[in-house]
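Q: Could you walk me through this one? I'd like to begin with the ligand and then move on to the sheet.

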Amino acid sequence: MPGVSMEKAPIPENQTSVFVVRKRTFTLVFLGVSAVFAISSVVTDYNVIDGFVAIPRAVSWIAENFVPDKKAWSRFPNILEKLIETALLSVAVTVCAAVCALFSALLGTKTTKINPWIGRGVRIVAAFFRNVPDVVWAILLLFSFGQNILTGFFALFFYTFGVLTRTFIETIDEVSANCVEALRATGANLLQTVFQGILPSSAPEIVSWILYMIETNIRNSTLIGVLTATGIGYMFDLYYKRMDYGSAGLVVISIVALVILIETISNQIRKAIM
Amino acid sequence: MPVLKFQNVSKVYDNVTKALTDVSFSVEEGEFVSVIGPSGSGKSTLLRCVNRLVDATQGSILLDGRDITRADKNEIRRIRKRTGMIFQHYNLVDRLSIIENVLHGRLGHKSALAGAVGHFTEREKEDAFRILAKLGLTEQAYKRCDELSGGQKQRVGIARSLMQEPRLILCDEPIASLDPSSAKVIMDHLSDINKTMNITCILNLHQVDVAMKYSKRIIGITLGRIVYDGPPERLSKSKIHEIYQSSEGELITDAGC
Ligand SMILES: Nc1ncnc2c1ncn2[C@@H]1O[C@H](COP(=O)(O)OP(=O)(O)O)[C@@H](O)[C@H]1O
Ligand SMILES: [Mg+2]
């Protein structure tokens, strides 16, 4: 190379090179993960090899038993009815929770500067609702409502409310802090700032999160339905316990189909609004 | 009577960070004042004390002779609606159209509900289009702001502040994110607004040469204190170094002079 002398390039002395540091970190992380894996295998008495060997057996068992037979297809109208019920419930829960979450997010975000103590309170409450899994909510609510559709509704509602409040707060802080400052500087009041600044700038993100939670809730409501004896989850539980695996399999297939359908629709909506 | 008067103003953030210390100056109607100083010296804080986006800790700030440091909510709204503000990052609602952003300048003048639902009078829309024409943005009126270049966005920012019918415009580093030619367009517009509409302008600027070229008065602040207040001609090189706390040869302005 002309112009470049072949002397050694100067490198900082008395400092560990970043390359060495990186190599060391990788090694440590690898060893750490291996150790955790080994320890947990021993503690739980779980044999990895056996686990993997069992997979083909499990798959073939499912393939043999869970294939919908004629009896299963005759139940399809019932399954479809419950499926639609579950889907509608999930949409209703998500929309209700989203409206409440939007209000609490407006109280909770630092962008609106409503009151630092109210803001902190909202964030703590949201964190609590979010960190209790929806299944645990369902178990807790079973005591007060019993095996009832309300139990499932509130279990999903609380969890969704917690998640959406947090994501809405983050969205608002991220996308609208700048324009809110400008609107406040023009003398706009809170209501005007929310409608002219916060909502227009964060609407696509908000809608996208609502769609995502609808998808999640359809999946989760299946499991909650097993606990609360409602909806499509109950159907699955019922057929499964009756050892009518063909019908149970049809339930699973139709849930998967529904989730894929909903995902496809929401991706279309996302594309349209972004 | 001065439009704006700072009397021994201090600002301390969170009881620790001294952003402004004992700042006093006054600005007469129609002045075009540049505030220069290194990052973190308190320029943004100084501007934001005027429209109460930041509350001063001590001292008094007189706007048209009235102390605004103890203003209540209604009074603050009254101050803000006649005080324009222009930002380094434009601070527009990017997903709305240019005309909607310009009309935001009227929010402070409207009822809460009319403003919230975006109901503007024909007169206001006419004014908005006239201002857009003046700034050369007529063609873009219905475009979304995220389709604009930086220089165009800043012109929308100027248009929004003009919609307020301001007496005073505060500009916080209006050209810091712009290329030199867009920056010149923006500075020319601001200078023109100041001269033809007699609107008082206070600008935070990073570029000493721009400040010296456009304004008849420069305020230099360092670590929250005013260390220079006077015309650009008297601003010596050594004074600039004092403001930026640098030594000979460290500043870009040293080159070529
Ligand atoms: N909201 C805030 N909270 C705490 N400290 C702040 C805040 N805003 C500014 N400061 C501090 O006040 C000082 C002055 O900041 P600023 O007014 O932004 O200076 P400049 O605009 O000249 O860069 C800096 O030390 C900065 O870190
Ligand atoms: Mg600043």
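A: A polar contact here is a pair of N or O atoms within 3.5 Å; within protein, one must be able to donate a hydrogen and the other to accept it, and residues adjacent in sequence count only if both atoms are side-chain atoms. This is a predicted model, in which local features need pLDDT of at least 70, side-chain atom pairs count only at pLDDT 80 or more, and totals for chains, interfaces and linings use all residues. Side-chain values use heavy atoms, with hydrogens and water left out.

Q: Which side chain has an N or O atom 3.4 Å from a nitrogen atom of ligand 1?
A: That side chain belongs to Y13(B). Polar backbone atoms also approach oxygen atoms of ligand 1, with K43(B) at 2.9 Å and S41(B) at 3.3 Å.

Q: And how much of ligand 1 does the protein bury?
A: The protein buries 60% of the 560 Å² that ligand 1 exposes when taken alone, with areas from the Shrake-Rupley method and a 1.4 Å probe.

Q: Which element gives the most to the shell around ligand 1?
A: Helix 1 of chain B does, with 3 residues; helices are DSSP runs of H or I with at least four residues, and strands are runs of E with at least two, numbered from the N terminus.

Q: Switching to the sheet, what is the strand order?
A: The open sheet of 4 strands in chain B runs 2-1-4-5 with antiparallel pairing, where two strands pair if DSSP finds at least two bridges between them. Strands 2 (17–27) and 5 (66–67) of chain B are the edges.

Q: How many bridges join strand 1 to strand 4 of chain B?
A: There are 5, and K5(B) stands opposite L62(B) in strand 4 of chain B.

Conventions. Residues are numbered from 1 along each chain as its sequence is written. Chains are lettered from A and ligands numbered from 1 in the order in which they are written.
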